[in-house]
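Subject: Structure handover

Hello,

My notes on what was found in it come after.

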There are 4 protein chains.
Amino acid sequence: MNKESKHWKEQLHEIIYEADTPAGKLFDVVLLILIFISVLVVMLESVAPLQQVYGNYFNIAEWVITALFTIEYVLRVVCVRAPWSYIFSLYGLIDLAATLPKYLGLFIGNTEALFILRALRLLRVFTILKLVRYVGASNHLIKAIRASRAKISVFMFAVIILSIVLGTLIYLIEGNANSGFSSIPRSIYWVVVTMTTVGYGDIAPATPLGQFFATLVMIIGYGIIAVPTGIVSSELNDQKKIKTNTQVCQYCNEPHHDNRAKFCHQCGKNL
Amino acid sequence: MNKESKHWKEQLHEIIYEADTPAGKLFDVVLLILIFISVLVVMLESVAPLQQVYGNYFNIAEWVITALFTIEYVLRVVCVRAPWSYIFSLYGLIDLAATLPKYLGLFIGNTEALFILRALRLLRVFTILKLVRYVGASNHLIKAIRASRAKISVFMFAVIILSIVLGTLIYLIEGNANSGFSSIPRSIYWVVVTMTTVGYGDIAPATPLGQFFATLVMIIGYGIIAVPTGIVSSELNDQKKIKTNTQVCQYCNEPHHDNRAKFCHQCGKNL
Amino acid sequence: MNKESKHWKEQLHEIIYEADTPAGKLFDVVLLILIFISVLVVMLESVAPLQQVYGNYFNIAEWVITALFTIEYVLRVVCVRAPWSYIFSLYGLIDLAATLPKYLGLFIGNTEALFILRALRLLRVFTILKLVRYVGASNHLIKAIRASRAKISVFMFAVIILSIVLGTLIYLIEGNANSGFSSIPRSIYWVVVTMTTVGYGDIAPATPLGQFFATLVMIIGYGIIAVPTGIVSSELNDQKKIKTNTQVCQYCNEPHHDNRAKFCHQCGKNL
Amino acid sequence: MNKESKHWKEQLHEIIYEADTPAGKLFDVVLLILIFISVLVVMLESVAPLQQVYGNYFNIAEWVITALFTIEYVLRVVCVRAPWSYIFSLYGLIDLAATLPKYLGLFIGNTEALFILRALRLLRVFTILKLVRYVGASNHLIKAIRASRAKISVFMFAVIILSIVLGTLIYLIEGNANSGFSSIPRSIYWVVVTMTTVGYGDIAPATPLGQFFATLVMIIGYGIIAVPTGIVSSELNDQKKIKTNTQVCQYCNEPHHDNRAKFCHQCGKNL
């Protein structure tokens with residue numbers, strides 16, 4: 001390719017991938033609106049009365065949006081330096097997933113498996129994942145959650161073991177009481193509903209012993225909800241400490257300095 | 001205006017806007033009682049059996065309170081130096097909103113739209129916002145919440161995206177099971193009900209796969225409830241740290257110093 | 001009174017009010033068991049089938065326990081130096097309240113107001129407050145909660161205002177939908193049930209707008225649950241810091257020392 | 001025994017008890033898979049339709065797994081140096097409990113007490129406790145929970161007293177309203193369901209006074225959920241602080257030093 005074409009690609013790259021120029025900002029705003037409309041249409045389509053009346057308009061809106069997302073995808077592939085690395089990146093796959101379902105719907109006739117067609121239609125909700133690009137991966141919250149991953153895994157693992165054991169016990173207690181504890185998996189479902197303090201009430205113990213046991217499960221759940229909270233809290237505290245603790249005084253090696261510090265607060269020398 | 005009138009205004013200003021004099025304290029107490037009665041009357045009016053029996057008394061009480069609030073509003077406008085800046089301030093608008101609905105009700109006949117009349121009547125509950133004056137905006141809690149606004153927004157944004165994605169998935173799983181997941185918006189409603197651990201039980205999964213999925217949603221909700229808690233905790237901790245650094249540099253007025261600091265970190269001078 | 005009697009009183013005082021001697025420990029254990037039985041009997045009495053069969057035994061057990069608590073009360077009054085200050089102390093009133101209801105029941109015939117008789121019977125559950133003596137008021141938890149009282153009051157106040165405003169709004173939205181929002185107090189009840197993530201489901205919004213509003217209320221509730229948690233967390237952290245920070249080095253004024261420290265970690269001199 | 005047999009035992013010990021060799025890792029993976037299958041079979045057996053169709057296969061799978069676990073148990077006993085201390089250790093008892101129920105089932109005929117047979121079958125779910133070996137007892141989470149045990153006990157004790165008192169009060173208020181508060185134990189069950197924010201809705205207050213009381217209970221519950229969270233949070237923070245003090249005094253082996261410490265606070269020597 002010649003120089004001019006390269007120049008054109010670079011300009012396009014600036015518009016699509018960066019947000020410093022007015023054109024880049026406009027592109028982002030238009031994209032955000034399109035994502036919003038796209039998700040809204042999928043949601044409204046699922047409401048039977050609306051689908052009956054406005055079904056055609058929804059279909060047209062979807063084709064228009066799919067066409068625009070397709071153009072966006074093609075432009076992204078064209079103007080990026082390493083197209084393949086984009087295509088197989090998380091963002092690339094999400095962008096593709098936002099356009100593909102509508103096209104695939106064409107190949108599957110209405111006579112064929114309705115479930116697949118419906119699944120494909122709903123897959124378009126994942127268009128919303130295009131927003132992930134704007135959240136970014138560099139913020140403190142995600143770092144804190146990532147740093148406490150190991151502890152949270154151990155915690156989750158313990159909760160699952162506990163749920164299975166408690167589920168079996170309540171099944172033994174309430175299994176014959178006709179109160180919904182008809183199998184161990186259902187009883188485990190009840191334990192999770194109770195321990196997480198969700199408490200639907202679709203299954204609830206009927207016998208006094210079962211209710212006493214339920215009380216114990218609730219108090220246990222109440223106690224262990226403190227654990228993930230504590231983990232994330234103390235991790236976020238650490239993140240903050242790290243943020244303020246990078247400078248070390250070269251004269252007295254005092255490591256704790258305010259972010260705005262110009263002089264060491266221990267020896268008064270210039271940092 | 002002459003001096004005397006000015007003097008009279010100043011005295012009134014002291015009573016209404018300040019709480020150091022006995023008269024000012026009395027004014028505040030009377031106002032608090034009026035607000036309390038006003039809100040109570042609106043609440044009791046909405047209870048059908050009470051309204052049938054005591055409806056007239058409620059109406060009289062409302063007119064009396066509205067009259068008193070109107071006098072208060074007029075006095076506030078009269079005795080303040082910059083009446084317009086008060087009228088368009090938050091407090092001014094709240095004070096006006098506490099009196100206006102009752103008068104507007106006169107212009108709308110009973111034959112006209114009943115909903116508007118009812119809305120107007122209920123608007124009087126906002127009288128309670130007059131209490132905001134007494135809470136003030138300068139306390140640490142509000143500062144901590146304001147400081148963590150950005151993080152909480154990112155968190156809320158992530159929760160909304162997650163709700164939409166999970167809502168679509170549960171709609172796909174339970175959509176045909178006649179268990180209440182009749183559309184995506186309803187399914188999203190269920191996801192929020194479940195993730196926030198509210199768990200009404202008006203909609204609950206009926207299929208084993210749906211219940212398994214619900215279990216996952218609950219555990220996710222249980223995990224992410226830790227995040228806003230962690231944010232506010234660590235923010236409140238920070239607020240306190242700032243509070244304990246009471247030293248202010250006498251050379252450059254820098255107020256934020258480490259507890260152990262001997263030298264100002266901005267100008268390097270001895271503290 | 002003569003010396004001997006005084007001696008006898010002192011011995012009794014040691015047994016009843018202190019727990020260092022074997023007799024004192026035995027007294028405490030017996031008292032704990034009696035409290036436990038007393039509360040259990042009141043609880044079981046309220047279960048209709050048990051009351052019908054074992055009613056007489058429950059009555060006898062209650063008279064025995066009441067007699068023993070009466071003896072305990074008289075002994076406490078007798079052996080304490082300042083009987084009146086005990087009688088009107090929190091513990092004295094609780095001890096009296098544990099014995100009085102049974103006697104009062106005698107004066108109220110069965111033919112008289114049944115509700116009062118029943119209330120008296122249930123008052124005996126407050127016997128459990130005798131346990132407060134063993135919890136003590138000097139622990140860190142209670143200090144932390146007391147220290148954060150002001151902040152929690154502001155928070156509670158804000159939650160109540162918010163509940164009233166949101167309750168009125170949902171009443172306006174769902175009031176005609178026959179879904180349980182029949183009055184403002186009931187709607188406020190629903191808001192509290194939802195915001196605290198309890199979620200009974202006895203009242204649940206039926207209209208799409210109501211469900212959307214409910215979603216907002218839940219997310220608000222999810223967000224503000226973080227506030228009391230944050231307050232208590234940071235208060236407990238402070239309690240701990242205070243615990244470890246009382247010694248100050250007299251040579252270099254370094255204030256942060258480990259509880260077990262014998263030498264200053266900054267200048268190495270003896271503390 | 002001769003040298004060779006000892007050598008064979010040592011090799012086996014390395015495979016079974018350690019995970020550094022490829023054989024040891026393979027053993028662990030196989031064991032994990034067996035545990036997973038074992039628990040899954042017990043869970044699926046409890047689902048009536050699956051049990052009817054695949055009952056025989058489930059029985060065979062159980063016998064195979066029980067046989068394998070028996071072999072594992074025997075090998076563990078044989079190759080360990082102190083067999084009795086293993087047999088009576090927590091892990092030894094769990095390993096035995098994973099195999100015994102199936103054998104005991106043989107001795108109890110089908111004609112005998114069905115409940116015992118069923119309990120025995122379900123006991124096999126405790127096989128999952130074999131996983132405890134892989135979680136280990138040395139991690140920070142467990143340390144933090146253990147360290148805050150005393151505080152959490154006081155908290156739990158207070159919650160139980162509060163539940164009994166509040167349960168009696170709601171029984172007094174709602175006892176005649178036919179809304180499920182038929183006895184004090186049931187009312188206490190409701191208080192726990194409400195205070196822990198579980199909220200099944202199987203029992204819910206029907207009278208206005210009951211609903212007002214319920215509102216209070218919820219707000220109390222909302223407030224006190226902060227307490228265990230705060231305890232665990234501040235304990236985890238402490239754990240971390242201890243972790244960062246990695247310096248150990250070379251003179252007196254004191255391991256806990258402040259980050260800024262220059263001298264050991266136990267012996268005063270230079271670090």
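The notes start with the chain as a whole and then go to helices, cores and the relation between copies.

The model is predicted. Chain A has twelve helices and zero strands, so the run of elements from the N terminus is α-α-α-α-α-α-α-α-α-α-α-α. Of its 271 residues, 46% count as buried. Among the contacts in chain A that join residues at least 6 apart in sequence, 52% are between residues at least 24 apart.

Helix α11 of chain A covers residues 208–224. Twelve of the 17 residues of α11(A) are buried, which means that the helix is largely enclosed by the rest of the structure. Among the buried ones are A:G210, A:F213, A:A214, A:V217, A:M218, A:Y222 and A:I224.

In chain B, helix α11 (residues 208–224) packs with helix α9 (residues 149–174) at an angle of about 170 degrees, and the two axes are 10 Å apart. An angle over 145 degrees counts as roughly antiparallel, and α9(B) and α11(B) are therefore roughly antiparallel to each other. On the α9(B) side the contact includes B:F155, B:V159, B:L162, B:L166 and B:I173. The α11(B) side contributes B:L209, B:G210, B:F213, B:V217, B:I220 and B:I224.

Which residues touch the most other members of the largest nonpolar core? They are A:W190, B:W190, C:W190 and D:W190, in a core of 116 residues. Leaving aside neighbours within four places in sequence, A:W190 is in contact with A:I170, A:F181, A:I203, A:A204, A:P205, A:A214, A:V217 and, from another chain, D:Y200. Apart from this core lies another, of 26 residues, including A:V165, D:L34, D:F69 and D:C79.

Helix α10 of chain C (residues 184–195) holds C:S187. Is C:S187 buried or exposed? Its relative accessible area is 0%, which is under the 20% cut-off, so C:S187 is buried. Beyond its neighbours within four places in sequence, C:S187 is in contact with C:G167, C:I170, C:Y171 and C:F181.

Regards

Conventions
Residues are numbered from 1 along each chain as its sequence is written. Chains are lettered from A and ligands numbered from 1 in the order in which they are written. This is a predicted model: local features need pLDDT of at least 70, side-chain atom pairs count only at pLDDT 80 or more; totals for chains, interfaces and linings use all residues. Side-chain values use heavy atoms; hydrogens and water are left out. A nonpolar core is a set of buried Ala, Val, Leu, Ile, Met, Phe, Trp, Tyr and Cys residues joined through side-chain atoms within 4.5 Å. Buried means under 20% relative accessible area, exposed over 50%, partly exposed in between (1.4 Å probe, protein chains only). Contact means heavy atoms within 4.5 Å. Helices (H or I, at least four residues) and strands (E, at least two) are DSSP runs, numbered from the N terminus. The expected span of a helix is 1.5 Å times one less than its number of residues. Axes are lines fitted to C-alpha atoms, for helices over the stretch in contact, and angles run from 0 to 180 degrees between N-to-C directions. Angles under 35 degrees count as roughly parallel, over 145 as roughly antiparallel, 65 to 115 as roughly perpendicular and the rest as oblique.
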